[in-house]
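Student: I would like to learn how to read a few local features in a protein model. Can we take them one by one?

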Amino acid sequence: MYHPFTPLASVPVDVTRARVHEEGWQSWSPSGAYALTDRPYRPTNANWATVCYRPGVTVPEGTFQGEGLLALDPGDGTPVRLWAAADPTREVPSIRLAVADGIAEVSANGPVKEWTGADIQSVLADWASALGLDAPRPAPTVWCSWYEYFTAVTEDDIHENLRAMDTLDLPIDVVQIDDGYQSALGDWLTLSGRFRSREGIAGAIRARGRRAGIWTAPFLVDPKSALAAEHPEWLVKDATGGFLHAGVNWGHELHVLDSTHPGAAAYLTEVFRTLRAEGYDYFKVDFLYAGALDGVRHADVDALTAYRSGIELIREAIGAEAYLLGCGAPILPSIGLFDAMRVSPDTAPHRRPEAGDYSQPGQDPAEFTGVGRQWQHGRLWINDPDCLMARPAVETRERWAAHVEATGGLMASSDRLLSLDEWGVATTRRLLEGDR
């Protein structure tokens, strides 16, 4: 339950040297440190505010705001101060900071605890370490279809790249089929016309000594899907009794699967048990923000409880041995649920994001937030900085590769491998080999 903003602290600052770290709501929400004179990154349209930021939350002009975490380096030699959600998987208050006459006024709309440290990244790391989570399992190396083929990927594309991995002798553990194999969002077990057999392609991947991975967006439903037509009672409603609107993507509005409904929960379990039985043991679950949207669900539970129970259902279906990567996920409510987590917006073959919105695909926003969330790596999960793209057509590919390498996180290639030149092959091999 959120309350009016109440004061937490008044902190003298050196306005020329102080820095503020804002933690964004989910994977794609801008997160990082700003000077007091900077304008923090904010949504540039209402749709992106829903899909990529904390829905329904606005920030006053001239105010910094972190979702569950906000850190201040006063810039005057005094310790860095961090205000952190007291119970981050259950309640994530917004924490605000505004400066007037050299004083930072900090407030929050829910319970927080205060930490101090030497610098912003280390105090965040100390907070994460104090949660006492088990060390995350090392991530496998991955090839992903997305950044070359997008939704047009075919089964033949997967076979071509499987052969190329052998030809180029690339140390790829997992071959992950991304968006495009399914007929519609929600109809995960029905193939698009570009794939012949999901089980067959998994078998082909495993026959070459690699692991099969697959993408889903488990809480999103296409209004034109068979699921939406046959089971409207499985969809989250809004306060008026209509279907909850989860934003627009893929050119249409999106609905939300209510994983608290027994029928929807049974369906999700069936989907993931089926994929696991077909030989997939690496699962990228995406657009998870939808599962944490406020709405009217079958069970009388809050949105974060519903979200966590939905992810726990998926984990139970795939088993403890399978690898689970989250994306587009509310960060603090996801603590303790994933092996790896995307910690930035999508990268892209270009640097600048559309409309200058730092939640949108681009190398600049992916680097900004990836650096800002480096403290999470190895403490909350393995950080996923997003995929390496090393083909010649990628803008500033050398700089992007250096960023991916510096994170030490999940290493994934996402090129048509036969399109790589000598530099691209060598760089892809080097990053995938890592410390092997």
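Tutor: Start with contact, which means heavy atoms within 4.5 Å. This is a predicted model, where local features need pLDDT of at least 70, side-chain atom pairs count only at pLDDT 80 or more, and totals for chains, interfaces and linings use all residues. Residues are numbered from 1 along each chain as its sequence is written, and side-chain values use heavy atoms, with hydrogens and water left out.

Student: Which residues is Val175 in contact with, leaving aside its neighbours within four places in sequence?

Tutor: Trp143, Ile158, Leu162, Met165, Ile205, Arg210, Arg211, Ala212 and Gly213. Val175 sits in strand 11, residues 174-177. Helices (H or I, at least four residues) and strands (E, at least two) are DSSP runs, numbered from the N terminus.

Student: Is Val175 buried or exposed?

Tutor: Buried means under 20% relative accessible area, exposed over 50%, and partly exposed in between (1.4 Å probe, protein chains only). Val175 has a relative accessible area of 0%, so it is buried.

Student: How do I read a polar contact, say for Gln182?

Tutor: Look for a pair of N or O atoms within 3.5 Å; within protein, one must be able to donate a hydrogen and the other to accept it, and residues adjacent in sequence count only if both atoms are side-chain atoms. The side chains of Gln182 and Asp179 are joined by such a contact of 2.7 Å. A polar atom of the Gln182 side chain also lies 3.2 Å from the backbone nitrogen of Gly180. Gln182 belongs to strand 12, residues 182-184, and is buried at 7%.

Student: Where is Ser359 found?

Tutor: In the loop between strand 21 (340-342) and helix 9 (363-372). Its relative accessibility is 3%, so Ser359 counts as buried. Its side chain makes polar contacts with the side chains of Asp357, at 2.8 Å, and Gln360, at 3.0 Å.
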